[in-house]
Amino acid sequence: MIYLKEEHELIRQTVREFALKEVEPGELERDEKEEFPVDLIAKMRELGLLGIPFPEEYGGAGLDNLSYVIAVEELARISGSLALTLAAHVSLGTSPIYEFGTEEQRRKYVPRLASGEMLGSFGLTEPNAGSDAQGTQTAAVRDGDSWVINGQKIYVTNGGYAGSIIFTAVTQHEPRQISAFIVDAGTPGLVLGKKEVKLGCRSSDTRVLHFEDCRIPAENLVGGPSELGKGFKFFMKTLDGGRISIGAMALGIAQGAIDKAVPFVKERKQFGKPVGAFQGVSHRIADMETEVQAARHMIYHSAWLKDQHRPLEHHSAMAKLFASEVAMRATFSAIQVLGACGYMKEYHVERYMRDAKLCEIGEGTSEIQRLVISRQLLGRLD
Ligand SMILES: Cc1cc2nc3c(=O)[nH]c(=O)nc-3n(C[C@H](O)[C@H](O)[C@H](O)COP(=O)(O)OP(=O)(O)OC[C@H]3O[C@@H](n4cnc5c(N)ncnc54)[C@H](O)[C@@H]3O)c2cc1C
């Protein structure tokens, strides 16, 4: 592919090796027990994977977004959970602080996040604010040198392990104003709620977070006083970039499904032939490969656009939408061509299908991606 340089192949090799040697062996058990892999996160920190796209002076690896996307893809080829953990940490928990924070906020948080000293989280979704994220009810009230926060965020990825959480809150009702803030783990009044039990990505951490008169310093308003009321805009821009990484996760899962399906259909014999010799099977494989390659082009192109600082809103939405749906089709096909083995946990592909489903929901459902894409063409007709 025209975008790929030696550094991209190097990161692919590094993450591939790590995923095969260190991640795959315990993945079935972690999925079963819903176990968050603290030890693997520590190894990812050693490999410098937790801050790939951030400059070295901020504790990152100083590589581009394409390198980061390749790392997410390669992790997802083996573990959707770990890919989601990384994507949420980098794209959601760290990027908005780097992009929209004051220099002081950047210096305080980004080096610790990008170096992997701590994980980051992003709190946008609430019980009454899902796709319609502007429906935020969490409120921030200024009191002297502090903001006092009340409300709750749900489905916060990494929420139970994060050192900092960037979140939105209403700072004014008339006219309505939503701002972004950072809260440190352990701040009194920030109460860790239940850990969600999930269909897929079961060894990633998904939490409810309660704010109960949680007092945070005034300087934790993202971007400083001049950016009061800009939180929603910051979060939407963050999702434009974040969608590339969820798309990369979908791409990796779909590639993982091919990785499992191809050797199986060459090996498994029925009617005296490998099942891959039957057109009903081989054409499925051909369709999987074709769609995965198309998704890869879209995802890498979006990462390239981000690296060039070009507008990417509907490109990243299209890439995520397409890759997520490809991942669902590819994982269904993998189960089908493996027959009963595909239905059994030890062959991994049923886990891939469960993990892939998240990609059609997180960071905006497929319906919301279609809304973003169609509005680009049609404008707002409602
Ligand atoms: C594993 C996991 C991790 C997550 N991590 C995070 C996180 O770290 N931080 C965070 O803030 N959130 C997180 N989320 C939340 C996620 O972003 C939301 O679930 C998602 O945006 C959808 O919101 P909802 O679930 O409330 O669905 P709803 O908005 O209630 O939607 C329900 C259905 O209605 C459809 N719908 C809604 N509005 C429209 C419309 N205008 N047109 C057409 N259809 C529509 C939706 O597509 C969906 O099918 C996570 C979710 C999951 C499952």
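Pro-311 lies in the loop that joins α7 (279-307) to α8 (313-338); helices (H or I, at least four residues) and strands (E, at least two) are DSSP runs, numbered from the N terminus. Pro-311 counts as exposed because it has 12 C-beta neighbours inside 10 Å. In this scheme a residue is exposed if 12 or fewer other C-beta atoms, placed from the backbone, lie within 10 Å of its own, buried if 20 or more do, and partly exposed in between. Leu-358 is 47 residues from Pro-311 in sequence, and their C-alpha atoms are 26 Å apart in space.

This is a predicted model, in which local features need pLDDT of at least 70 and side-chain atom pairs count only at pLDDT 80 or more, whereas totals for chains, interfaces and linings use all residues. Residues are numbered from 1 along each chain as its sequence is written.

The protein as a whole contains eleven helices and nine strands. Its C-alpha trace spans about 80 × 50 × 40 Å along the principal axes. The radius of gyration is 21 Å, which agrees with the value near 21 Å for a compact globule of 382 residues; it is taken over C-alpha atoms, and the globule rule is 2.2 Å times the number of residues to the power 0.38. Of the 382 residues, 52% are buried.

Helix α11 (residues 366-378) has 13 residues and reaches 18 Å from its first C-alpha to its last, close to the 18 Å expected at 1.5 Å a residue, where the expected span is 1.5 Å times one less than the number of residues.
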